Amino acid sequence: IKAKLDTFFSNLKNSNHRILLTFDSLNVPMSVPEDIYIMINATKIDEIYELQKSILSTLSEYNNYLDIKYKAYEENFSPHITVGRKLNQQSYAMASKELKGNYICEGIITQVVLGVVQNDNPTEANDPNNQTVYNL
């Protein structure tokens, strides 16, 4: 995987070496009452979607997902900032009182990180030894 991504990012044609995103749409997907997420979605910018599709195409033969939900995330790609996660109804109600008004922030994507882990947990995901960083 790393060799394929090394080649992909070496050949990437991004003259600015960055992708600008504006996050401006509050989103609260209600799937499970004890697992509520609060996100701010990005305005659709073709460049980030094209990058994601190109990466998926490059890695198309690798489809042994740690968890099937990650395949769905790739198929329904939605750049966002998570501002609350795994909230219960009470925590969500408290957060909702604070979440009023317009939420707009800008982000600059300059790197893509490949994380390779054995277990789906923050400790492994955040360990720099399990991450390879690719510059745009």
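On helix H1, the face turned away from the buried side carries Ala 3 and Ser 10, both exposed, where exposed means over 50% relative accessible area, buried under 20%, and partly exposed in between, with a 1.4 Å probe and protein chains only. This is a predicted model: local features need pLDDT of at least 70, side-chain atom pairs count only at pLDDT 80 or more, and totals for chains, interfaces and linings use all residues. Residues are numbered from 1 along each chain as its sequence is written, and side-chain values use heavy atoms, with hydrogens and water left out. Helices (H or I, at least four residues) and strands (E, at least two) are DSSP runs, numbered from the N terminus.

H1 spans residues 2-10, and its buried residues are Leu 5, Phe 8 and Phe 9. They lie on the same side of H1 because they cover an arc of only 90° around the axis, taken from the directions from the helix axis to the C-beta atoms. What do the buried residues of H1 pack against? Their partners are helix H2 (46-58), strand S5 (111-115) and strand S6 (131-135), with contact meaning heavy atoms within 4.5 Å.

I turn now to the core. The largest nonpolar core has 16 residues, and Leu 5, Phe 9 and Leu 21 are among those with the most contacts inside it. Such a core is a set of buried Ala, Val, Leu, Ile, Met, Phe, Trp, Tyr and Cys residues joined through side-chain atoms within 4.5 Å. H1, S1, S2 and H2 each give two or more residues to this core, and H2 gives the most, with 4 residues.
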